[in-house]
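This briefing is for a reader who has not seen the structure before. Please look over the sequence and the model, then read the points below.

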There are 2 protein chains.
Amino acid sequence: MDFERIKAKLDALLDAGRKAELRGALTMLNEVDIAEYLQTLDNEKVLMVFRLLPKDTSAEVFAYMDDDQRTQLMEALGDEEAMRIIDEMFVDDAVDFLEELPAGVVKRMLAGADPARRELLNQFLRYPENSAGRIMTIEYVDLHVGTTVGQAMAEIRRTAPDKETINTLYILDSRRVLLGTVGLRQLLLADDGKRVEELMNQQVISVRTTDDQELVADTVRKYDLLSIPVVDGEDRLVGIITVDDIVDVIEEENTEDFEKMAAMLPSDDTYLKTGVLTLARNRLPWLLILMISATFTGSIITHFEDVLQSAAAIGVAIVSCIPMLMDTGGNCGAQASTLTIRGLALGEVAPRDIGRVLWKELRVALLLGVVLSLVNFLRIWFLTPYDRDVAFVVSLAMFFTIIIAKAIGCSLPLAAKALHLDPALMASPIITTVVDAASLMILFTIATQMFHIGA
Amino acid sequence: MDFERIKAKLDALLDAGRKAELRGALTMLNEVDIAEYLQTLDNEKVLMVFRLLPKDTSAEVFAYMDDDQRTQLMEALGDEEAMRIIDEMFVDDAVDFLEELPAGVVKRMLAGADPARRELLNQFLRYPENSAGRIMTIEYVDLHVGTTVGQAMAEIRRTAPDKETINTLYILDSRRVLLGTVGLRQLLLADDGKRVEELMNQQVISVRTTDDQELVADTVRKYDLLSIPVVDGEDRLVGIITVDDIVDVIEEENTEDFEKMAAMLPSDDTYLKTGVLTLARNRLPWLLILMISATFTGSIITHFEDVLQSAAAIGVAIVSCIPMLMDTGGNCGAQASTLTIRGLALGEVAPRDIGRVLWKELRVALLLGVVLSLVNFLRIWFLTPYDRDVAFVVSLAMFFTIIIAKAIGCSLPLAAKALHLDPALMASPIITTVVDAASLMILFTIATQMFHIGA
């Protein structure tokens, strides 16, 4: 059943005021779908439907609602009921929600929480933004060295309902230092009397609370992990991060790369929720910088104005080829830079590969340059009123532009990475601006030589 | 310990021929790291080190090696040993590997396998490329209706070692139709005598064998799943897909979008492994199309050649502003199209939102247009020899170019989506080409009017 049909049925029950039936219908839905349904309602109805949900469902639905609606619902519910929901949520979801609230509201919310929970949430909120500490959860099962398999299973049975995952258990010493992990399946297969440390895997891959979430995502992706432990500066276990949260981090980081590669500052929110002023502010800096840089390209034209004015027909012919030359150069450069940036992001290419990358790009450029210049030469010669000399000048400029565009396109991202800058900034917009200048220099220099015009 | 130091130690043991110690050192490493180490060795050494690995480790290391090296290792090992490794691998990893081999080699490999395994692998290889069927695994635990919790736990203990995940158990009727799922933690908490169907969750989110992997990834991401069941046309369970494989699918789909958005056909392999000819072939079609399209832009200049030749100073001034105008227009359009394409990919924006998106982009364009035109006007007036009229013409053209660029940038991807085309194709390169033509039309029209030049 698709969402539109689900919504129609729920709307009918809601409008008719048949609350009991509505509550029944809601129990048949996934929490994500309920949150999506609430999205379509106005505030008053959201509150009404939300209160119909069973307690354990409502906290999870709350975690999937969008920030604005959550904040409004929080206000409508009142502090006490709101706090109960935060108490029901997993710690990572609660922190995620609290982050988005104004500081004053967070303080008020936390004041109502029980002291242990308050201290815990406060501690999470102190980790740097986008760090492992911010996205980790503490709902894992830890076992102390010396625990037997039988004791461990009893412990798991006792605590399982509140844990985000029980697939992996973490074995700690008396100082809470992480010694190793053991899989639930290994416990299930072992004798009750065996000690957990005899079963444990000591090659644990972990991250630190202050590590950037991008590093966490890279590690989880590289090792195909379902969860990763987070340790503090003294190797003590303080949390875990599960792969479902990593999926969100990966999409967030990819969106950031897409934005940077199109000359924008990254945004925090989805497109439709971001305000016009924020969008404009994110886009303006690079547009300004690139616009000013492009005036340099224009000054190349001014410098060679003799070419434009010498023989009228040649001047117009040359100028009319500028858009094609600039666009092709820009596109060639963008192709090389995109593949290099993506390769760097996925760890497939490193700055030390610059020799291999350049050599590959030069050979690609040679192939593309020959084909594109030839097509261009034949097109100008046969399909335009201009003669073979003009066709030759433009096509030769095209050839060299492609070679230079590919070389610049792959080198700048690698250079940025080597200098510990973000390679994603060295994408199409900047490459285009640099290549534009290069292509015009080449075009006018060749034209000046060919037609014996004094520049 | 970082990879370089690990490699140095292993190399020392390898070169000294101290096999026992090397074997010991390897047992301390993760399979992913061992595969990475093998990558740095030549074929002869790869074979030697690979044979030192314990049997259960070697199949997993094999799954993480790169395609070329796997194929060579396969040849070196001989069919019998090779087949034993394939038998040890999870089905999804084995299928993934067999896909990359020449058809003849696959046939030979499968001939050596036991008949049940051969039939199974053949069945997987018949699913369409990039479908759920190709990436699913059959290593899950299923339980039949009527099974008690006690029986289920015994079944899990018996089969757990060969399963990719035991977090979720799948409950089937006698025809293998998927009725529901039950979590391992629920089984752990329930009485031994209870029947599994009393505990099961019936709202199962599943995909079909023929569904595209992109749809699978979207579903797993949306519902934060750790695994998803795959059913055939009659709702019978045939496999599951775990989230660690979904992470790879997400990165693959993102890479495809990056490539399309930079006017390239998607590639199957990592950058450094893709040959020069393939790279050139992937890049040529769009470069050709875009180059030819840009000649149209050039013909606008030819059409307005009166402007270029009328008053020499004005002509050069106007031409020298072309790169800046074209680049700024292209960048503005690319920003709008990138955000729209990304919003579509993540399901945050849909074609029906076109009104909201356009209205938002127009307001953003107005803000950016005013600021950029003003900066540009002042720059030309005060910092160049050209007069206020030229500054006015160029800045006015800049303003309208930005408005049109933003409108085209956000509309084309939405239109593509509505027509069931890939929105990622409507990115920077195409937008730039369209906007270039528009900006030159605007520039020359305004210049013709302003300076009373007959076009």
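The model is predicted.

**Contact between the chains**
- Chain B has 94 residues in contact with 94 residues of chain A.
- Helix α19 (residues 312–345) of chain B supplies the largest share of the side of chain B that touches chain A, with 20 residues.
- That side of chain B comprises 53 nonpolar, 23 polar and 18 charged residues.

**Nonpolar cores**
- The largest nonpolar core has 133 residues, and within this core Ile431(A) and Ile431(B) touch the most other members.
- Not counting residues up to four places away in sequence, Ile431(A) touches several residues, including Gly330(A), Ala334(A), Ile408(A) and Leu412(A).
- A second, separate core holds 70 residues, among them Ile135(A), Val247(A), Ile240(B) and Ile250(B).

**Domains of chain A**
- Chain A is divided into domain 1 (3–126), domain 2 (142–242) and domain 3 (271–450).
- The C-alpha centres of domain 2 and domain 3 of chain A are 52 Å apart.

**Strand β5 of chain B**
- Strand β5 (residues 227–231) of chain B is largely enclosed by the rest of the structure, because five of its five residues are buried.
- Ser227(B), Pro229(B) and Val231(B) point one way from β5(B), while Ile228(B) and Val230(B) point the other way.
- In a regular strand, side chains alternate between the two faces of the sheet.

**Partners of β5(B)**
- Strand β4 (residues 207–208) of chain B runs parallel to β5(B) and is joined to β5(B) by two bridges; Arg208(B) stands opposite Val231(B).
- Strand β6 (residues 237–242) of chain B pairs with β5(B) in the antiparallel sense over five bridges, and Ile240(B) in β6(B) is the bridge partner of Pro229(B).
- β5(B) and β6(B) form a hairpin with five residues between them, and Asp235(B) in the turn has a positive phi of about 65°.

Notes:
Residues are numbered from 1 along each chain as its sequence is written. Chains are lettered from A and ligands numbered from 1 in the order in which they are written. This is a predicted model: local features need pLDDT of at least 70, side-chain atom pairs count only at pLDDT 80 or more; totals for chains, interfaces and linings use all residues. Two residues are in contact if their C-beta atoms, placed from the backbone, lie within 7 Å. Helices (H or I, at least four residues) and strands (E, at least two) are DSSP runs, numbered from the N terminus. Ala, Val, Leu, Ile, Met, Phe, Trp, Tyr, Cys and Pro count as nonpolar, Asp, Glu, Lys and Arg as charged, and the others, Gly among them, as polar. A nonpolar core is a set of buried Ala, Val, Leu, Ile, Met, Phe, Trp, Tyr and Cys residues joined through C-beta atoms within 7 Å. A residue is buried if 20 or more other C-beta atoms lie within 10 Å of its own, exposed if 12 or fewer, and partly exposed in between; C-beta atoms are placed from the backbone. Domain bounds come from an automatic or database domain assignment. Two strands pair if DSSP finds at least two bridges between them.
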